[in-house]
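Me: I have a few labels to check against their cut-offs. Take me through them one at a time.

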Amino acid sequence: MSHRPLPGRRSVLRGSLVTSAALALPASLGTLGAAPAFALSGRPKAGWGVQTGDVTADSGLVWVRSDRPARMIVETSATESFRRPTRWQGPLLGADTDFTGTTRLRGLPSGEQIHYRVLLADPDDPRRTGEPVTGTFRTTPAKRRGGVRFVWSGDQAGQGWGINPDRGGYRIYDAMAGLDPDFYLCSGDNIYADGPISATATLPDGSIWRNITTEEKSKVAETLKEFRGAFRYNLLDDNLRRFNAQVPSIIQWDDHEVRNNWYPGEMIPASNTDYTEKDVDVLAARARRAFSEYFPISTLKPGAREGRVHRVMHQGPLLDVFVLDMRTYRNANSADTQTTDPQGIMGAEQLEWLKRELSRSRAVWKVIAADMPLGLVVPDATEGKANFEAVAQGDPGAPLGRELQIAELLRHIKHRRITGTVWLTADVHHTSAQHYQPSRAAFTDFEPFWEFVSGPLNAGAFPASDLDGTFGPERVFVKAPTASNVSPAGGYQFFGEVDIDGDSGELTVRLREQDGTVLFTQVLQPGRVGQ
């Protein structure tokens with residue numbers, strides 16, 4: 001697959017780095033950790049960089065955050081010179097959205113490099129604008145010849161491992177950017193709202209891990225202010241801001257945007273003193289609002305009660321991405337051995353939506369972006385429980401509990417002859433490839449398929465999960481530590497790459513380490529119901 005080189009990428013990113021000084025951290029370790037305090041004199045500033053998200057063949061969302069009330073203005077151009085820009089009037093940014101905002105760009109040319117810059121204007125004097133912040137992205141091609149390449153991962157700033165300036169911060173983003181992907185798919189756990197970040201942690205060899213810290217990350221997130229601060233924390237990282245300025249995202253969420261292993265209707269026990277707010281639905285509503293404010297997502301509007309995370313992103317004739325939400329509509333975590341389960345992990349309505357959209361898709365490949373794995377056993381031991389968090393519960397027999405919903409979906413894919421389905425996920429903090437085969441399974445009414453797992457981006461790494469034999473998984477590849485919560489200093493930080501060739505239609509998956517080293521490669525052929 002041939003990708004056009006990004007013209008003038010260094011100069012494209014220059015504008016996004018202009019604001020780095022606003023986020024500069026104190027050089028002395030003693031003061032390391034304070035979040036930047038923006039001076040309110042002068043003109044509006046966009047010190048948190050820019051992002052684009054949910055880009056299609058003719059549209060995209062641009063995100064920014066101001067340091068004060070400001071009018072968001074976006075200019076786009078076919079060249080980085082901006083000699084003949086198109087101007088887009090964006091929203092007024094204010095305290096109601098934590099001074100964040102998105103502007104939808106429409107009518108863009110397909111398959112083209114779009115250069116953009118964001119200006120923040122004084123609401124009382126539109127002539128007074130701050131330093132422009134620039135970025136770039138490619139719109140989705142209308143034809144298949146150019147191919148598609150994207151990267152995916154998840155799980156960031158977990159288990160107390162935050163931005164470590166001694167190690168260069170979140171270096172994995174530079175490796176992902178070096179592949180020149182069309183977009184980045186985050187499989188969830190964008191933040192760890194339930195994981196405070198301390199200034200230091202002692203590593204097994206006695207050395208010290210040092211974190212950038214902020215007030216909001218000093219405790220579990222409960223208030224809207226604290227959830228906003230948790231999302232804002234990651235944007236202190238230079239690598240992530242550079243990446244955001246050049247690679248559009250497709251974002252989904254999982255549990256740690258709210259609380260470990262949460263589900264609707266959950267109540268936190270009184271014995272848990274970390275939380276004063278015990279109603280998880282209240283926490284989830286606040287987290288969802290902050291989530292919608294800090295990411296450009298086409299189906300969510302900041303502050304709105306309606307909207308959803310699950311959606312289909314059409315990426316041209318080669319690819320549709322089906323973004324799932326396996327958190328919002330699930331039933332309570334339990335032993336998961338019930339013999340009927342219409343709600344399952346997706347809810348009945350989302351399951352019907354997914355079946356319908358898969359049947360409608362005419363894309364060569366249909367990537368099902370799940371925020372949790374299918375056949376990997378993920379226990380839920382929160383507050384001493386002995387429940388299960390994902391789909392599998394370790395019983396290798398006929399489908400039970402949440403497996404019933406997945407069995408229905410797999411049966412639908414087989415009998416509707418839906419070709420080219422591939423499952424991608426993160427969540428378990430190691431990387432692996434599983435092949436699911438009816439001949440090995442207790443439930444056999446499906447065609448073979450692959451599931452690929454990546455992550456974490458910057459979090460503790462954990463041993464490989466046990467497999468549940470219900471759908472016949474075979475672990476073809478895995479890289480995982482033998483100890484739990486291995487810090488990023490110990491390695492085991494991963495991302496995945498998907499490369500679809502425009503001529504042959506072949507889909508190649510590469511599982512990579514944080515420096516980009518390829519660990520495992522699998523090539524899949526198009527046009528098959530199973531693989």
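Reply: Start with the terms for elements: helices (H or I, at least four residues) and strands (E, at least two) are DSSP runs, numbered from the N terminus. This is a predicted model, where local features need pLDDT of at least 70, side-chain atom pairs count only at pLDDT 80 or more, and totals for chains, interfaces and linings use all residues. Residues are numbered from 1 along each chain as its sequence is written, and side-chain values use heavy atoms, with hydrogens and water left out.

Me: Where is D98 found, and why is D98 called buried?

Reply: D98 is in the loop between β4 (86-93) and β5 (100-105). Buried means under 20% relative accessible area (exposed is over 50%, partly exposed in between; 1.4 Å probe, protein chains only). D98 has 10%, so D98 is buried. Its phi is positive, about 55°, although D98 is not a glycine.

Me: What makes D180 buried?

Reply: Its relative accessibility is 12%, so D180 counts as buried. D180 lies in the loop between α2 and β10. Phi is near 55° here, a positive value in a residue other than glycine.

Me: How do you know that helix α4 is mostly covered?

Reply: In α4 (residues 238-246), 7 of the 9 residues are buried. Among them are L240, F243 and A245.

Me: Which residues is M176 in contact with, beyond its neighbours within four places in sequence?

Reply: Contact means heavy atoms within 4.5 Å. On that basis M176 is in contact with V151, P181, Y184, F243, L457 and F495.

Me: What is the peptide bond from G455 to P456?

Reply: That bond is cis, with omega near 5°. P456 sits in the loop between β21 (449-453) and β22 (473-479).
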